[in-house]
Structures are given as structure tokens and as C-alpha cells.
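Here are my notes on this model, as numbered points. Have the sequence and the fold open while you read.

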Amino acid sequence: MNLSFSQPPRLEWTTGDLSGGPLLRKSTCIQDLTGIFSDERARQLLAGERIVYEVEMLNTSPAEGELYTGITHLYPGRVGHEYFMTRGHFHAHREQGEVYFGLRGAGLLLLQNEQGEVRLEKVFTGSVHVIAGYTAHRLINTGDEVLSALAVWPTLAGHDYHALAKGFNVRVFEENQQPLARTVQNG
């Protein structure tokens, strides 16, 4: 019997870079994040083409039962006093969960259920975050270097950004060089 071996994609754990396979890449710039930050005027003052985060993912079949694997690279920065963050989302198929693995940098994972209850988890090299179904999630970079996190999620999960059109119930700001979470009214 002749066995064939294939070379799987590779993750460079220290940088969070994927290689060795067909990859999809997407950049999200400050101009793409209208209405996401609390200080819209401060957002408009930043260079619109400034990249806030990039996602690279393995080009996986979207068939039911498959898993997507991707890395989010969230750059350090602030809009006013609010830290750079990802757009954040629920899954279109709410029951689908996701797992994040902290690769480098320091930040927070903001989690909010459908009832509006919020919790924050610290993200750091080696942290593991199991995101249950019915839970919206957003990465926030509270450090001075790139925050990279590996994510694995079902291909059928989808993204629902509309459900968070009024935003999450907590925002994280820098105050006295430390992160400070503030509850906001989104009604």
C-alpha cells in the first residue's frame, strides 16, 4: 500500500501568521467602522485608510459540518479614549459557538448574551476562550502591540451584525493608562 502525505497549513505561534495553504485575507479600516466607536468625531479625525484589524483564514469549504479557522490581528490604538476593537457580532445561527486562542498581545474579549448580560475575559498568549452559542463577541486591544487570536467556528454559523446596531452594553476606555469598562445605555 502506498500512502500519500500532504503538508497541512502552518501556524507560527509566536506571530500568529498562517501559511502553507490557500488563505483569504480581509482588512478593516477606520472608515469601515462608522457607528462602532462612541466618539464618532474622533473616529472621523483618524486617517480613513488606517487598518484597525486584519483577518486571515484558511480557505475552507463552507459545507455543513466543516470548520473555519482564522486569525484576527487587532492593532493597538484608540478612537478618543476608546481602545481599538473588532466590530463584534452574534452568529446568524445563534446556537453556534466558537473558540478563541490568545496568540500574542494583551486585550479583552467582550461577551454579551441576548438578554444584554455582559462579561469580559482577559486575552493573552495561551488564553483559551469558549464562546457559547447565543453570545455576541468582540475583541478589544488594550495593549501596545498587536493582539492576535486564533478562532475556530462552524462554517454555517454566519455573522449577524444588525442585532448589535445599537452596540454592546459595555465599552472599554483608557483612563490613567489602564482599561476601564463602562456600562452604556443602548435603548
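1. Two strands count as paired if DSSP finds at least two bridges between them. Residue numbers start from 1 along each chain as its sequence is written, and side-chain values use heavy atoms, with hydrogens and water left out. Keep in mind that this is a predicted model: local features need pLDDT of at least 70, side-chain atom pairs count only at pLDDT 80 or more, and totals for chains, interfaces and linings use all residues.

2. Start with the hairpin of E9 and E10, which has four residues between its strands. Gly-116 sits in that turn with a positive phi of about 90°. E9 spans residues 107-113 and E10 spans residues 118-123, and six bridges pair them in the antiparallel sense.

3. The E9/E10 pair belongs to an open sheet of three strands, ordered E10-E9-E12, with antiparallel pairing. E10 and E12 (135-141) are the edges, each pairing on one side only. From one strand to the next the twist averages 20° (axes are lines fitted to C-alpha atoms, and angles run from 0 to 180 degrees between N-to-C directions).

4. Now the other hairpin, E14 with E15, where two residues separate the strands and Asn-176 takes a positive phi near 55°. E14 (residues 170-175) and E15 (residues 178-183) pair in the antiparallel sense over six bridges. Phe-173 stands opposite Leu-180 there.

5. On packing: a nonpolar core here is a set of buried (under 20% relative accessible area, 1.4 Å probe, protein chains only) Ala, Val, Leu, Ile, Met, Phe, Trp, Tyr and Cys residues joined through side-chain atoms within 4.5 Å. The largest such core has 34 residues, and those touching the most other members are Phe-37, Val-52, Leu-74, Phe-84, Leu-109, Leu-139 and Ile-140. Strands that each supply at least two residues to this core include E4 (51-58), E5 (67-74), E9 and E12. Apart from it lies another core, of seven residues, including Leu-11 and Leu-58.

6. Finally, the record. An unreviewed UniProt entry annotates residues 31-182 as "domain: Glucose-6-phosphate isomerase prokaryote"; such annotations may be inferred rather than shown by experiment. Over residues 31-182 the chain is 4% helix and 46% strand, with the end C-alpha atoms 24 Å apart.

Terms used: Buried means under 20% relative accessible area, exposed over 50%, partly exposed in between (1.4 Å probe, protein chains only).
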